[in-house]
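Keep the sequence and the 3D view open as you read.

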Amino acid sequence: MKKFTVKALLCAGLISVVASCSSNDDLISSNAEREQLSSKEVSKTKTYQIRYGLLSQSGVKILSGSYDVGSFVATNTATGETFETYAGGGFQSLPKYYDGVPAGTYTFSAMQGQGGWVGYGSVTGVVSDNQVDADGYITVYIPIVWEE
């Protein structure tokens, strides 16, 4: 009976040690390995700040003023995930910002505002480190297709 009790206690002890190592961090033996894992996790979750402007029908880039925009939308072409600046519809002042867009290829567009005075097109572009401008943003200009 003593042997059985000792074996049971050893088995329970081993199970508790294994169960306490529940994450990968507990099993990594060196700081270098921890840093490498940490940098990989950061690269997976890196996001970018998008700055939206408009492109007039005559080709002028617009980053100021108030326009009849319901919202700006970025749609990931691979996953379909959307990131929207919805502000309750109506007029929005430019530039408009959205922080938290992960790297990938997106279709950028704008939805009509409440007045319906302006129609917008869309552009497709890549969100990555290479697109970040000197101000720290990825600036996207949505074309105005028609306006009254």
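## Strands side by side

Start with Thr 107, which stands opposite Thr 124 in E9. The E labels are strands, meaning DSSP runs of at least two residues, numbered from the N terminus. E9 covers residues 122-127, and six bridges join E7 to E9, with the two running antiparallel. Strands count as paired if DSSP finds at least two bridges between them.

E7 also pairs with E3, again in the antiparallel sense, over seven bridges. Here Asn 76 has Tyr 106 in E7 as its bridge partner.

## About the model

This model is predicted: local features need pLDDT of at least 70, side-chain atom pairs count only at pLDDT 80 or more, and totals for chains, interfaces and linings use all residues. Residues are numbered from 1 along each chain as its sequence is written, and side-chain values use heavy atoms, leaving out hydrogens and water.

## The nonpolar core

Which residues have the most contacts inside the largest nonpolar core? They are Phe 108 and Ile 142, in a core of 21 residues. E1, E3 (65-76), E7 (104-112), E8 (118-120) and E10 (138-147) each give two or more residues to this core. A nonpolar core is a set of buried Ala, Val, Leu, Ile, Met, Phe, Trp, Tyr and Cys residues joined through side-chain atoms within 4.5 Å.

Not counting residues up to four places away in sequence, Phe 108 touches a list of residues including Ile 50, Val 73, Val 140 and Ile 142. Contact means heavy atoms within 4.5 Å.

## A serine in a loop

Ser 56 sits in the loop between E1 (47-55) and E2 (61-62). Ser 56 counts as buried because its relative accessibility is 15%, and buried means under 20% relative accessible area (1.4 Å probe, protein chains only). Beyond its neighbours within four places in sequence, Ser 56 is in contact with Ile 62 and Ile 144.

Conventions: Helix = DSSP H or I, 4+ residues; strand = E, 2+ residues; numbered from the N terminus. Buried < 20%, exposed > 50% of the residue type's maximum accessible area, 1.4 Å probe, protein only.
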